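Have the sequence and the 3D view open side by side, and let's walk through the structure piece by piece.

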Protein chains: 2
Amino acid sequence: MNKSGLVYQNGAFISPQEAKVSIFDRGFLYGDSIYEVTLTYKGKPFLVEEHLDRLWHSADGIGLSIQMKREELTRIIHEGARKLGLERQYIRIIITRGIGDLGLDPALGEEQTTLILFKELPALDTALYEKGVTLFTSEVLRNPKKSMDPSVKSGNYLNNVLAIKQAREAGAYDAVMLNAKGYVTESTSANIWMVLGESIITPPLEAGLLGGITRQKVMELGKAQGFDIKEQNFTVDTLKSANEVFITSSTREVLPVTQVDNQVIGLGVPGPKTKELHKHYKTFILNLN
Amino acid sequence: MNKSGLVYQNGAFISPQEAKVSIFDRGFLYGDSIYEVTLTYKGKPFLVEEHLDRLWHSADGIGLSIQMKREELTRIIHEGARKLGLERQYIRIIITRGIGDLGLDPALGEEQTTLILFKELPALDTALYEKGVTLFTSEVLRNPKKSMDPSVKSGNYLNNVLAIKQAREAGAYDAVMLNAKGYVTESTSANIWMVLGESIITPPLEAGLLGGITRQKVMELGKAQGFDIKEQNFTVDTLKSANEVFITSSTREVLPVTQVDNQVIGLGVPGPKTKELHKHYKTFILNLN
């Protein structure tokens with residue numbers, strides 16, 4: 001596995017097989033780390049500024065002051081993508097609080113571990129986009145903001161791992177995660193949207209979810225096209241009554257959902273507004289490159 | 001650091017410096033792991049059965065089926081402690097869902113990573129026991145059971161890392177973590193107790209906390225001594241009004257708390273019941289060895 005890849009680790013480019021961390025790394029012991037994921041189109045890293053903004057937001061969220069200069073990180077992201085040289089790459093940036101004596105206090109972390117993984121990203125699975133995917137409402141509630149803010153992308157992803165485990169065991173592609181009030185937050189790694197009547201609705205950040213970069217772009221592009229786009233809380237029952245449902249993420253773009261639990265959505269095929277938003281998003285990508 | 005140590009990793013004993021995991025290990029990427037900590041007294045691993053019971057409880061909590069046989073794990077714990085040969089050792093057992101293709105679905109994990117770290121554990125800091133420590137009420141709420149059950153010892157410890165960060169920055173030794181109802185749960189790595197009138201009270205497991213092994217032993221020993229020991233919810237205001245406060249954990253045993261936030265507890269010195277319970281706990285340890 002991971003043969004077509006490259007890893008930047010603390011100053012050098014190495015193969016993914018060589019990329020290891022000490023068991024004393026706080027990222028391994030406590031998940032005391034932050035990360036970002038982006039991709040390349042035609043070999044060029046996508047929306048790097050937006051992803052680095054969010055990386056710094058995540059760092060603030062756990063009180064970590066990133067030691068590497070932003071310009072340096074930007075340079076390495078572009079250099080690594082050029083080195084690997086593939087059209088379509090997955091890029092994961094990980095920063096941990098580093099190695100230190102055992103103990104929860106983050107002040108024990110010494111030099112931060114900085115890792116950037118570049119690997120081949122398979123093309124979008126067209127069958128998924130033609131057929132749509134199924135979501136399953138997990139019993140695992142999304143972490144509340146006052147415990148572990150879901151707007152922070154950290155090394156603590158067991159909450160989502162447990163939710164997708166339930167979803168996959170139920171035969172679904174991904175999970176719908178609710179908050180303690182019973183409102184829909186997000187899937188385990190994507191934002192959730194529905195088309196209800198003439199409105200296109202996604203939960204507000206206050207529901208406790210990741211401020212998706214694709215979510216933001218789709219919002220902007222949709223509004224520019226005259227769609228009635230709203231951020232609004234809704235329950236999974238409302239989601240099931242929607243005309244269309246879709247999810248958004250950097251690597252999945254705009255992915256139609258045609259079933260939630262046992263409820264077929266709309267006509268059971270990807271909806272027209274979903275397809276139109278995906279088309280506009282693809283145009284946006286093309287225009288950037 | 002970690003010179004006086006030894007690590008068992010997937011079949012071999014190596015030095016702590018050599019002990020590394022792939023960056024594709026799910027323990028590193030997502031905190032998709034469980035762990036236990038015990039110690040040795042006179043070189044003998046302490047309450048191994050109880051700790052392995054809890055390791056299996058944690059495994060159940062994240063739907064992980066431990067690949068290593070319990071007898072084998074027990075044998076290696078004793079073998080490692082003998083090999084290191086120190087009287088007082090810290091022992092940390094970590095099991096991760098192993099290496100796999102990137103993705104949250106735990107089914108992607110292949111062979112589990114099994115690590116056991118043995119290292120020198122300094123003697124109890126007598127000054128702390130003579131003076132008592134300070135706790136600080138953190139704004140970070142303990143993870144709720146429906147999101148990430150605190151009775152599971154997992155690789156997701158950022159919740160506690162953030163709480164102790166606040167406490168240490170406020171000059172305290174550890175944090176008091178509350179649940180969403182405002183009740184005291186536990187500190188970041190110990191159970192919390194108070195003496196209120198004639199009763200000795202600790203929050204119930206339902207408050208969302210780790211079922212401490214020392215907590216359980218202190219409960220049993222205290223009841224055997226005729227103390228009125230209760231599991232009951234209480235707020236931090238009640239905690240501050242207590243006659244005595246203490247915390248319990250495997251490595252700290254029974255540690256007096258003499259201040260909570262700005263409130264001095266009782267006379268500001270370790271209380272008599274705290275000292276008596278610690279004495280009984282020490283006798284229990286001696287009798288085991």
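## Around B:Met148

Set aside the neighbours within four places in sequence, and B:Met148 is in contact with A:Asn143, A:Leu158, A:Asn159, B:Asn143 and B:Asn156. Keep in mind that this is a predicted model. You'll find B:Met148 in the loop between strand E8 (133-137) and helix H5 (158-169) of chain B.

Is B:Met148 buried or exposed? It's buried: 26 other C-beta atoms lie within 10 Å, and 20 or more is what it takes to count as buried. For a sense of distance, B:Met148 and B:Ile93 sit 55 residues apart in sequence, and their C-alpha atoms are 20 Å apart in space.

## Where the two chains meet

Now zoom out to both chains. Here, 45 residues of chain A are in contact with 45 residues of chain B. On the chain A side, the elements that give two or more residues are strand E3 (20-22), helix H1 (26-30), strand E7 (113-120) and helix H5 (158-169). Which of them gives the largest share? That's H5(A), with eight residues. Sort the chain A residues that touch chain B by type and you get 23 nonpolar, 14 polar and eight charged.

The two chains also pair strand to strand. E3(A) and strand E3 (residues 20-22) of chain B run antiparallel, with three bridges between them. One spot to look for: A:Lys20 has B:Ser22 in E3(B) as its bridge partner.

## A residue in chain A

Next stop is A:Leu178, which belongs to strand E9 (residues 174-178) of chain A. A:Leu178 is buried, with 23 other C-beta atoms within 10 Å. What does A:Leu178 touch, not counting residues up to four places away in sequence? The answer is A:Thr137, A:Leu141, A:Arg142, A:Tyr183, A:Val184, A:Thr185 and A:Val236. A:Glu130, meanwhile, is 48 residues from A:Leu178 in sequence, and 27 Å from it in space, C-alpha to C-alpha.

## Two helices

Let's start with helix H3 (residues 70-84) of chain B. Its 15 residues reach 21 Å from the first C-alpha to the last, close to the 21 Å expected at 1.5 Å a residue. The buried residues of H3(B) are B:Leu73, B:Ile77, B:Gly80 and B:Ala81. Why are they on the same side of H3(B)? Because they cover an arc of only 95° around the axis. Here's the background: an α-helix has 3.6 residues a turn, so residues three or four places apart point the same way. After H3(B) comes B:Gly85, with a positive phi near 70°.

Over in chain A, helix H6 (residues 213-224) has twelve residues, which should span 16 Å at 1.5 Å a residue; its end C-alpha atoms are 17 Å apart, so the two agree. The buried residues in H6(A) include A:Ile213, A:Val218, A:Met219 and A:Gly222. H6(A) is followed by A:Gly226, whose phi is positive too, near 90°.

## A covered strand in chain B

Strand E14 (residues 244-249) of chain B is mostly covered, with six of its six residues buried. B:Glu244, B:Phe246 and B:Thr248 point one way, while B:Val245, B:Ile247 and B:Ser249 point the other.

What does E14(B) pair with? Strand E11 (residues 191-196) of chain B is one partner, antiparallel over five bridges, and there B:Met194 has B:Val245 as its bridge partner. Five bridges also join E14(B) to strand E15 (residues 253-260) of chain B, again antiparallel, with B:Leu255 as the bridge partner of B:Ile247. E14(B) and E15(B) form a hairpin, with three residues between them.

## The six-stranded sheet

To finish, look for the open sheet in chain B, where six strands line up as E2-E1-E7-E6-E4-E5 with antiparallel pairing. Which are the edge strands? They're strand E2 (12-14) and strand E5 (44-45), each pairing on one side only. At the E2(B) end, strand E1 (residues 5-9) pairs with E2(B) over three bridges, and B:Val7 stands opposite B:Ile14. Helix H2 (residues 48-61) of chain B packs on the sheet, touching strand E4 (33-41), E5 and strand E6 (89-96), and its direction makes about 170° with that of E4(B).

Key:
Residues are numbered from 1 along each chain as its sequence is written. Chains are lettered from A and ligands numbered from 1 in the order in which they are written. This is a predicted model: local features need pLDDT of at least 70, side-chain atom pairs count only at pLDDT 80 or more; totals for chains, interfaces and linings use all residues. Helices (H or I, at least four residues) and strands (E, at least two) are DSSP runs, numbered from the N terminus. The expected span of a helix is 1.5 Å times one less than its number of residues. A residue is buried if 20 or more other C-beta atoms lie within 10 Å of its own, exposed if 12 or fewer, and partly exposed in between; C-beta atoms are placed from the backbone. The arc is that of the directions from the helix axis to the C-beta atoms. Two residues are in contact if their C-beta atoms, placed from the backbone, lie within 7 Å. Ala, Val, Leu, Ile, Met, Phe, Trp, Tyr, Cys and Pro count as nonpolar, Asp, Glu, Lys and Arg as charged, and the others, Gly among them, as polar. Two strands pair if DSSP finds at least two bridges between them. Axes are lines fitted to C-alpha atoms, for helices over the stretch in contact, and angles run from 0 to 180 degrees between N-to-C directions.
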